[in-house]
Amino acid sequence: YKDVQTLGRPEGSQAKMLPRLRDENASLAVYDGPEQTCDVVTCQLPKMKAGAPVVMADNATRANSRSKSIEVVKCSGTRYGDKCTAVCRTGFQAVGSSSFRCSEHGKFEGSLACVPMQCPDAANYSFGGSGALISSMCSNLIHGDRCSVSCSEGFHEAKGSGSAFLECFSGSWQLSAEPPCLEDPCEPPPRGSLANALPESLSQCSGPAGTTCPAKCRDGYAADGYLQCSKGRWRLTGAGCVFAQGNAIESAIEKVPAVTASLS
């Protein structure tokens, strides 16, 4: 008698009617007919709820994206096995496989996600001795977050109050102002701050950090060292104005290495 065998369809194909075999003279043959064919499964391009445009990979145009994290979704095709992958915006990175795959069910399946990149602990950021300080709250921050920067004693902000900050950008820190802090300048030291120095010579001492001012001493005294502006204060290198007899400085300080003192 006639025996009919139903054939399964290959993975990734679809058919209007599954092919069948019939027994003719103890052999199997495929039934004739226009419906006895299998086609490769195709999928419609996915629609992104986040508003990211979906384009074919060979499409050079870029539609405007309403997504905050995904710039565009590119698909290699719409046939079974083809994939759609996300192109993340600057500062975001894909997680997992982050792709859709055209499945045998005739639709793209999978997940797409781009998450903000995280910056390292800002406490490790180096300002190169500029006197800048980091807020204690600057950790576990992501792309777009900001971290406040303040100046230590003896420094001031380079561009006004509140202008200096660190911003997390694509996984690394960027500084808003370089340098963020400047060393304080020095005003003339007050009268009497340097013993045996001529007051009029000290009144001429002012300037930015690093400025030096050789103090002039009263008659009978000789200058040992000089004044230098550092972090808004004058610092004395040497012994200052010491009693002199001829060209010899009669001071016990002469017998020990020079010391550094600060003038308030």
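**The cavity and some disulfides**

Modeller: Bear in mind that this is a predicted model. In the largest cavity, β20 supplies the largest share of the lining, with 5 residues.

Colleague: What kinds of residues line the largest cavity?
Modeller: There are 7 nonpolar, 2 polar and 1 charged. The lining includes L194, A215, D224 and C241.

Colleague: Switching topic, how many disulfides are there?
Modeller: The count is 9 disulfides. One of them joins C75 and C84, with sulfur atoms 1.9 Å apart.

Colleague: Why is the disulfide of C75 and C84 right-handed?
Modeller: Because the torsion about its S-S bond is about 110 degrees.

Colleague: Is C84 buried or exposed?
Modeller: C84 has 0% relative accessibility, so it counts as buried. C75 is buried too, at 1%.

Colleague: What about C151 and C181?
Modeller: Their sulfur atoms are 2.1 Å apart in a disulfide, and with -90 degrees about the S-S bond the link is left-handed. This pair links distant parts of the chain, 30 residues apart: C151 lies in strand β14 (residues 146–151) and C181 in strand β18 (residues 181–183). C181 is buried, with a relative accessible area of 4%.

Colleague: Last one: how far apart are the sulfur atoms of C205 and C213?
Modeller: They sit 1.5 Å apart in a disulfide, and both C205 and C213 are buried.

Terms used. Residues numbered from 1 in each chain as written. Predicted model: local features only at pLDDT ≥ 70, side-chain atom pairs only at ≥ 80, totals over all residues. Heavy atoms only, no water. 1 Å grid on protein atoms, 1.4 Å probe; cavity = no way out; pocket = protein on both sides within 12 Å on 5 of 7 lines; lining within 4 Å. Helix = DSSP H or I, 4+ residues; strand = E, 2+ residues; numbered from the N terminus. Nonpolar A, V, L, I, M, F, W, Y, C, P; charged D, E, K, R; others polar. Disulfide = S-S within 2.5 Å. Buried < 20%, exposed > 50% of the residue type's maximum accessible area, 1.4 Å probe, protein only.
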